[in-house]
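Trainee: I am new to this structure and should be grateful for a close look at a single part of it. Please take me through chain A.

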Amino acid sequence: MNDINIYEGERVRLSALDPFKDPEVEAVWSHTPDFLALYSVELQRPTSAHQLKKRYEEREKNHEDDAYEFDLRIRLRADDRLIGVLGIWVEWGAGNGWLRLGIGLPEDRRHGFGREALALALRYMFDEMNLRRVMIGVPGYNDAALAFFAAAGFKVEARQRETLFRFGRRWDEVNLGLLRAEWEAAR
Amino acid sequence: MINIPDRFTSDRIRLIAIDAERDGDLMARWSNDAGMMRLFDSDVPRPRVARQTRSETERWAYRDTALEWAIQTVDGEVIIGRIGLHRYRPSHRAADFHVGIGDRAHWGKGYGREAVTLLLNYAFGEVDLHRVGLIVFAANERAVALYRKLGFVEEGRWRQFLRRDGVDQDVLVMGILRHEWPPASPAVRRIHHVQVCVPSTELDSARAFYLNLLGLREIDKPGSLKDKRGFWAELDGQQLHVSTEDGVDRNRTKAHIAWQVSALAAWRAKIEAAGCATLDSIVIPGYDRFEARDPFGNRIEFIQAVAP
């Protein structure tokens, strides 16, 4: 048997959300102008650590989403510092997993941490979850993300026209998909 | 007082509120038709009893933010399906929709089309959405054809989204924007261009007549027509295409183009000075006019409205 820790890469590791400690860091991210714009299409709003704590407590109580929602965190192995978020949402019936990935602070980007985390996430989704495909939705303005996922082998599958509004104008939302066979071939 | 539209009723159906108590048995019956449930959802179809369909419906269709209705026939008041908006993102003014006619006996009768029409009127007219999207199995040809007919544009396909009976199934992503709804009915809007022909040796004099004398502005021809003889001209958004044709006696044709002008008398003098004989047309009310032949024999008319 392979005794490898599938959550650990060379420099980063995937971990559970820490509902007590992580909110302090994530509250800072939510006050930076670009994090939410790049990470999600939800309406941007600054959020306090206490609000986040309450939200996580509530979610923990319900346990409803456990079967298909995986809200993970990206940490540096060297000092265990929280640097990013990795969300997985699974449609088990189809064998499809939606992925979201974001590195919180600008200074933590462009070091290859995201690429390492993505590799871990894809191995987790294909080798452990046994999914058939992985997909993401990227706002049309996020050129860096489009290039990042294309470099990882994702293919543009659909362009939902003008479905987003941000920075005072409309944008497409781009769906990219990666099939298991494509991932295995590039492995 | 404004005319209040009935957003929830059309010829044969109306959209009414969801009632888990009322519809529980019905939905349980639908859930036992696995083939049909496969068309609606990529999730594993599973048979349900009414107690389950009731609690599921209460859980997601009873929230204040839910936009979900039952489809009921006007005639007989039979509930035949469900329709609603989901993934509604208010700040983006966008949502997706889902629809299902639950009972096969009601398929193929246009109920789905009526229900989606009501929903889109509501989505664009009341919710003020900018885009309504949907996903549909590519193999569900009837549904895809309906959505195309309603004006949805195919925006892409999620490859091999699902595997059933050992076959990979693609999912189509479709969307319609506010200005694309309702789809334009086939109608002629206005005259785009007319074409006249001149002998192939007379293109220079045709330019002199139509551009210099009449004052039309020459425009570029498309590259694909560049090697064809002739030229295009434009006047106030409408076009005249001048092409060549030999061996035809144009003086015998009755068909003509009428040019609406100002200073009709001055035009008559100009046309005669250009060597074209003119003659009075039959009088019609509200207009002065005369006719002539262009230097190549095409009949032309000059017409000016007169004050009553």
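Trainee: How many helices and how many strands are there in chain A?

Mentor: Chain A holds six helices and seven strands (DSSP runs numbered from the N terminus, helices being H or I of at least four residues and strands E of at least two). The model is predicted, so local features need pLDDT of at least 70 and side-chain atom pairs pLDDT 80 or more, while totals for chains, interfaces and linings use all residues. Residues are numbered from 1 along each chain as written, and chains are lettered from A and ligands numbered from 1 in written order.

Read from the N terminus, the elements of chain A follow the order β-α-α-α-β-β-β-α-β-α-β-β-α. Chain A is as compact as a globular protein of its length, because its radius of gyration is 16 Å, close to the 16 Å that the globule rule gives for 187 residues (the radius is taken over C-alpha atoms, and the rule is 2.2 Å times the number of residues to the power 0.38). Along its principal axes, the C-alpha trace of chain A spans about 45 × 45 × 35 Å.

Of the 187 residues in chain A, 32% are buried (20 or more other C-beta atoms within 10 Å of a residue's own). Among the contacts in chain A between residues at least 6 apart in sequence, 61% join residues at least 24 apart (a contact puts C-beta atoms, placed from the backbone, within 7 Å).

Helix α4 of chain A covers residues 113-128. Its 16 residues should span 22 Å at 1.5 Å a residue, and this agrees with the 22 Å between its end C-alpha atoms (the step is multiplied by one less than the number of residues). The buried residues in α4(A) are A:G114, A:A117, A:L118, A:L120, A:A121, A:L122, A:M125 and A:F126. Just after α4(A) comes A:N130, whose phi is positive, at about 60 degrees.

Chain A also meets a partner. In this pairing, 23 residues of chain A are in contact with 22 residues of chain B. On the side of chain A that touches chain B, the elements giving two or more residues are β5 (133-139), β6 (155-166) and β7 (169-179) of chain A. The most comes from β6(A), which gives nine residues to that side.

How values were computed: Contact = placed C-beta atoms within 7 Å. Buried ≥ 20, exposed ≤ 12 C-beta atoms within 10 Å, placed from the backbone.
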